[in-house]
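Thanks, everyone. Let me put the model on the screen, and we will walk through it together.

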Amino acid sequence: MKSALLWTVRVSIFTVLFSFALQNTQIVTLTLFLDYRWQAPLVLVLVAFFSLGLLFGLLSLLPTLWRYKRQVRLKKKTSQVDIEAKLE
């Protein structure tokens, strides 16, 4: 039951995204620095910028994740020392 519901949601999302891609196939021109122009379908430009935003967002989380991992490692180390001290 749960698997069927999950597949229904996946197919629905794919259908919506596929129809969005088919509706946005017109060519857009993106003018960058030094008069460099990039022409691509609108859906490709949207996916590219969404992916870049996702990548930058995940990269901005890395320092926080590393800090949490370090804190967990230190707490595990101190709890191991406490357990060994109690056993002796």
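Start with the charge. R67, K69, R70, R73 and K77 gather in a surface patch of positive charge. Some terms, quickly. A patch takes residues with over 30% relative accessible area and no salt bridge; like charges are joined within 9 Å, and nonpolar side chains (Val, Leu, Ile, Met, Phe, Trp, Tyr) within 5 Å. Lys and Arg count as positive, Asp and Glu as negative, while His and the chain ends are not counted. The place of a charge is NZ of Lys, CZ of Arg, CG of Asp or CD of Glu.

Before going on, the ground rules. This is a predicted model: local features need pLDDT of at least 70, side-chain atom pairs count only at pLDDT 80 or more, and totals for chains, interfaces and linings use all residues. Residues are numbered from 1 along each chain as its sequence is written, and side-chain values use heavy atoms, with hydrogens and water left out.

Back to R67. R67 sits in helix α2, residues 42-87. Helices (H or I, at least four residues) and strands (E, at least two) are DSSP runs, numbered from the N terminus. Is R67 exposed, partly exposed or buried? R67 is partly exposed, because its relative accessible area is 38%. The cut-offs: buried is under 20% relative accessible area, exposed is over 50%, and partly exposed lies in between, with a 1.4 Å probe and protein chains only.

Helix α2 also holds L52. That brings us to the nonpolar side. F49, L52, L55, F56 and L59 make a nonpolar surface patch of about 500 Å². Areas come from the Shrake-Rupley method with a 1.4 Å probe; for residues, only the protein chains shown count as cover. L52 has a relative accessible area of 40%, so L52 is partly exposed.

Now the overall layout. The chain has two helices and two strands. From the N terminus on, the order is α-β-β-α. How much of the chain counts as buried? Of its 88 residues, 5% do. The chain exposes about 8,300 Å², and carbon and sulfur atoms supply 71% of that area.

Next, helix α1, residues 2-23. A search of the whole structure finds one aromatic pair. The partners are F14 and F18, and they are stacked: 5.7 Å centre to centre, with 15° between the planes. For the record, rings of Phe, Tyr and Trp (its six-membered ring) pair if their centres lie within 6.5 Å; planes under 30 degrees apart count as stacked, over 60 as edge-to-face, and the rest as tilted. F14 and F18 both lie in helix α1, four residues apart, about one turn of the helix. How covered are they? F14 counts as exposed, because its relative accessibility is 55%. F18 counts as partly exposed, at 46%.

On to the loop between β1 (27-31) and β2 (37-41), where L34 lies. D35 is found in that loop too. What is the phi of L34? Near 55°, a positive value in a residue other than glycine. D35 has a positive phi as well, about 60°, although D35 is not a glycine. L34 counts as exposed, since its relative accessibility is 85%.

The structure holds one salt bridge, meaning a side-chain nitrogen of Lys or Arg within 4 Å of a carboxyl oxygen of Asp or Glu. D35 forms a salt bridge with R37, and the closest N and O atoms are 3.1 Å apart. D35 is exposed, with a relative accessible area of 55%. R37 is partly exposed, at 49%.

V45 is found in helix α2. Is V45 buried or exposed? V45 counts as buried, because its relative accessible area is 10%. V45 and V28 are 17 residues apart in sequence, and their C-alpha atoms are 8.2 Å apart in space. V47 lies in helix α2 as well. V47 is partly exposed, with a relative accessible area of 48%. Its C-alpha is 9.7 Å from that of A21, and V47 and A21 are 26 residues apart in sequence.

That is the tour. Questions, please.
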